[in-house]
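This report describes a helix pair and a sheet. Please look at the model before reading on.

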Amino acid sequence: MSAKELAVNAGGRAMVIRRGGSLEGRIASSEITPREAFFNRRSFVAGAAALGVGALALRQVPGLIHPDAVHAQQKLDVVASKYTVPDAQTPFGKATTYNNYYEFGTDKSDPAKNAHTLRTRPWTVQVSGLVKKPQTIDIDTMMKYRPIESRVYRHRCVEAWSMVIPWDGYPLAEFISAMNPLPSAKFVQFLSDDKSSDMPDKPSGFDWPYSEGLRLDEAMNPLCLLTFGCYGEQLPNQNGAPVRVVSPWKYGFKNAKSIVKIVFTDKQPRTLWNDLAANEYGFYSNVNPTVDHPRWSQAHERRIDSSAFPKTIPTLPFNGYADQVAGMYAAMDLKKNF
Amino acid sequence: MPTRWIPWVKVLVHGACLIPLLRLVEQFRSGELGLMADPVNYITHQTGYWTLFLLLTSLAVTPVRRLHPKLGNLIRFRRLIGLYAFFYATLHLATYVFLFSGYDVPTAWAGLRAGRGGVVVKQWKAVWPTILDDLKKRRFIQVGIFAWTLLLVLAATSPTFMLRWMGGKAWRRVHTLVYAAACAGCIHYWWLVKKGVRAPLPFTLALAALLLARVAWSVRKRWRGRVQVRA
């Protein structure tokens, strides 16, 4: 299915969102293709082919090509967004070497070392459940559906550290609208890749694949970003390539990485960490300085920036995004629904 | 090991025990630590890791020297290694108090240099409620502090004059607490990691093996004693 068909399927709903959303008055960058970008795309195709051959060669002759060469990053065409915080950004080197991605190892330095086994092309995302028409979408079609915005978000880990990361993507709401969920759909579940060829050393004791979920209104919130890149480049594998979700008012683990399935449901979906320790990781997991993790306080966070020793700063309700999201939880006891 | 080697080997043991600290200092000095995303977490983990490592090493001294009469001299290094375990445990605790809790060391340091010692106290007052809260609520911190307190008692009673003053029997009884400290250390590690993480397993297995070796030894001794009596 092409990007065009996807747009047609979206019908009027996506148009309404576009008019009312953050992208008003801008010409879709897909309509104006700069010359160099066109040639870049060509070279990308050639490059991809070369990489494909390279990857095969690597399989046959280990050590012929360094894995980094095969997983060279691709620059993204991005437009600026008003959803950008002024905080100092975390350096790329730190944001890409300090990751929780347990499929590649439980130490935060493991994913950067091990995630090179993840093959992000070809890649499809299967959309099913309570939608008008279940379908399987190619990652490149998905990426081109809307212009990629660069948004600088605060990222708060449940482990009481935080980063400030420029993510590249478009609102998840636009994609969801295009999928035409049925009125009975109340939740959306994200399932991550768990193929043994991509993740040969997944630790045991976890109910793979990684599963996360959002209430549909949360997923439709304009802050919720369907993310393909960071720092203006395609996502490094350890950061959840080729596609992930970023909901900045929630703890980091709510943001599923390397998504292969999106399922619309009428019941709250299972989520991996909630299954493992429900008292530590709630379904909502909104950033909340007044609800402690059983093993540490959530009132403060170590802000990982360019300084040698991270400063400890107070954690803000909803990670500082209360204005945009608090309304969704107005009737809820957030100490109970943590 | 010939007795005359002991002073030289002691120098070696000192050097080996200081390697983890020197490595941290070098990483700080070269800026490598600053390039790490979360150096506080790294320092906490390193000091905790080497505490457990040295504690278990000191516990391994006795079973190892029982393997062969020539290894008897190893006892001369047990106190040294044990004290280094306490040293790293103290660094670990200091990391928690001064880096992990949110104590603003740069500000306090700048205040001290400017002659305003009050900043140190002010910073302490700012983080004390957090620390107290942790002590009250979090069992992995409670068991960690418990382990450190045991090590403090062991370190305080480690000088030879204390041994003489206490008498060998009482001293030995007190120093079996080292097993409690090691168990508490392992429990501290298990309670702190996320479910599914098995990083504390190697230490736990080593500790179990050391405890078993001790039990096996005393069983063997009793059994031999009985045989001798019969004969």
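The report takes the basis of the model, then the helices, then the sheet.

## Basis

This is a predicted model, in which local features need pLDDT of at least 70, side-chain atom pairs count only at pLDDT 80 or more, and totals for chains, interfaces and linings use all residues. Residues are numbered from 1 along each chain as its sequence is written, while chains are lettered from A and ligands numbered from 1 in the order in which they are written.

## Two helices in chain B

Helices (H or I, at least four residues) and strands (E, at least two) are DSSP runs, numbered from the N terminus. Helix H1 (residues 6-30) and helix H4 (residues 78-100) of chain B have axes that come within 11 Å and cross at roughly 20 degrees. Axes are lines fitted to C-alpha atoms, for helices over the stretch in contact, and angles run from 0 to 180 degrees between N-to-C directions. H1(B) is therefore roughly parallel to H4(B) (angles under 35 degrees count as such).

Lys10(B), Val13(B) and Cys17(B) in H1(B) meet Leu80(B), Ile81(B) and Tyr84(B) in H4(B); contact requires C-beta atoms, placed from the backbone, to lie within 7 Å.

## A sheet in chain A

Five strands of chain A form an open sheet with mixed pairing, in the order S3-S2-S11-S6-S7. Two strands pair if DSSP finds at least two bridges between them. Strand S3 (135-138) and strand S7 (211-215) of chain A are the edges, each pairing on one side only.

Within chain A, strand S6 (residues 187-192) pairs with strand S11 (residues 259-265) in the antiparallel sense over six bridges. Val188(A) stands opposite Phe264(A) in S11(A).

Technical notes
Angles under 35 degrees count as roughly parallel, over 145 as roughly antiparallel, 65 to 115 as roughly perpendicular and the rest as oblique. Two residues are in contact if their C-beta atoms, placed from the backbone, lie within 7 Å.
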